[in-house]
Amino acid sequence: MMLVVLGNTEVSLIPGISMAGATPELTKLTPPADAEYLFYERPKIIDAIPVTPEGHPTPAIITKAAKELANFPIIVVRGGTYLAPLVPHVHISSYVGRDFRKEKALPETREIIDRASLFGEELNKLNLEEVVIGESTPGGTTTAQAVLWALEYDAKTSSASPDNPQPLKEKVIAEGFKRAGIKEGELKDKPLTALEEFGDPMMATVVGIARGFKGKVILAGGTQMLAVAALLRAMGEELERFTIVTTKWVIKDKSSTFKETAEELGVEYQYANLDFSKSRFKGLRDYERGYVKEGVGAGGAAWLALKRGFTERDIERKVEELYEKLTKNL
């Protein structure tokens with residue numbers, strides 16, 4: 001089973017910080033639109049799939065391709081978004097993460113974790129050996145980096161752009177730390193406080209589900225899932241039952257510290273080796289140039305399809321088919 005947790009944070013509205021939408025304002029719609037696209041030919045909430053400012057398609061197209069090939073169940077979880085997706089989903093909260101430069105990001109952290117833990121506990125009754133958890137959270141790499149810094153990890157998170165806005169992220173995080181009156185690493189033994197001050201509802205929801213569910217957990221995402229793993233570790237969870245599964249584009253991203261931070265955390269990681277360098281479509285070829293990279297559990301969905309006997313080439317062909325259908329319908 002795969003879960004896709006949706007989250008929003010006001011951080012995505014800071015110009016230049018998120019590529020998970022054509023404009024900062026449209027990032028409010030990205031999570032529900034991503035979820036809807038997994039089930040319909042087009043989202044319901046907007047009449048287009050989410051794209052980067054340069055027009056590159058959401059990584060939900062990879063998740064959708066893997067889902068249609070391997071036919072595994074996906075449950076959408078609303079961790080905290082501006083709008084609910086127009087598909088059946090589990091509601092955890094509608095709390096949106098605040099701009100942590102101005103106030104605490106998520107005062108409702110404990111409430112969200114408690115609710116999500118209940119959901120995780122119910123999943124145990126399905127006798128699942130493992131659950132895959134993906135996410136859609138515009139601005140989430142910045143909140144993830146802030147949480148990692150608060151927990152004393154010298155990490156740099158990835159970006160949906162080949163030009164990672166790392167200087168802007170660091171400026172925003174520094175302003176947040178100044179507002180909270182803390183220094184890097186000062187909250188290493190206070191993970192809930194780090195989440196309250198700098199996190200987002202997706203992180204709180206995934207932490208809660210992972211704590212409630214007792215089987216193996218596949219954290220399907222890039223550097224944002226490193227922050228989740230760091231929080232879980234700080235809460236006393238053994239990371240042996242957790243694996244981060246991502247894409248090769250995250251692994252190869254020299255602007256982030258994914259491999260170094262994963263090794264420092266002691267969390268296992270794997271990746272899907274998809275390749276669109278020979279695609280007929282520029283929007284997909286540009287994935288190889290560092291655009292998009294990961295999201296909506298793309299790496300984890302591909303991993304599930306591979307487990308069921310499909311190949312990377314099968315997934316790539318299905319993505320091309322879906323992309324062609326979208327361009328014909330424009």
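Contact here means heavy atoms within 4.5 Å. With that cut-off, residues 24 or more positions apart account for 76% of the contacts in the chain with a separation of 6 or more.

Some ground rules. This is a predicted model, where local features need pLDDT of at least 70, side-chain atom pairs count only at pLDDT 80 or more, and totals for chains, interfaces and linings use all residues. Numbering runs from 1 along each chain as its sequence is written, and side-chain values use heavy atoms, with hydrogens and water left out.

Now the overall fold. There are 13 helices and seven strands in the chain. Those are DSSP runs, numbered from the N terminus: H or I with at least four residues for helices, E with at least two for strands. The radius of gyration is 18 Å, close to the 20 Å from the globule rule for 330 residues, so the chain is as compact as a globular protein of that length. That radius is taken over C-alpha atoms, and the rule is 2.2 Å times the number of residues to the power 0.38. Of the 330 residues, 62% count as buried. Buried is under 20% relative accessible area, exposed over 50%, partly exposed in between, with a 1.4 Å probe and protein chains only.

Next, the cores. A nonpolar core is a set of buried Ala, Val, Leu, Ile, Met, Phe, Trp, Tyr and Cys residues joined through side-chain atoms within 4.5 Å. The largest has 62 residues, and Phe198, Met203, Ile209 and Leu219 have the most contacts inside it. Helix α8, residues 223-234, gives the most to this core: eight residues. Apart from it lies another core, of 42 residues, including Phe72 and Tyr323.

What does Met203 touch, leaving aside its neighbours within four places in sequence? Met203 is in contact with Thr143, Ala144, Val147, Leu195, Ala227, Val228 and Leu231.

On to helix α12, residues 298-307. Eight of its 10 residues are buried. Trp303 and Leu304 are among them. After α12 comes Gly309, with a positive phi near 100°.

Last, the lining of the largest cavity. α1 (30-37), β4 (130-136), α4 (140-150) and α8 each supply at least two residues. By class, this lining has 12 nonpolar, 18 polar and four charged residues. Ala, Val, Leu, Ile, Met, Phe, Trp, Tyr, Cys and Pro count as nonpolar, Asp, Glu, Lys and Arg as charged, and the others, Gly among them, as polar. For the cavity itself, a 1.4 Å probe fits at points on a 1 Å grid over the protein atoms alone but cannot get out, and lining residues have an atom within 4 Å of a point.
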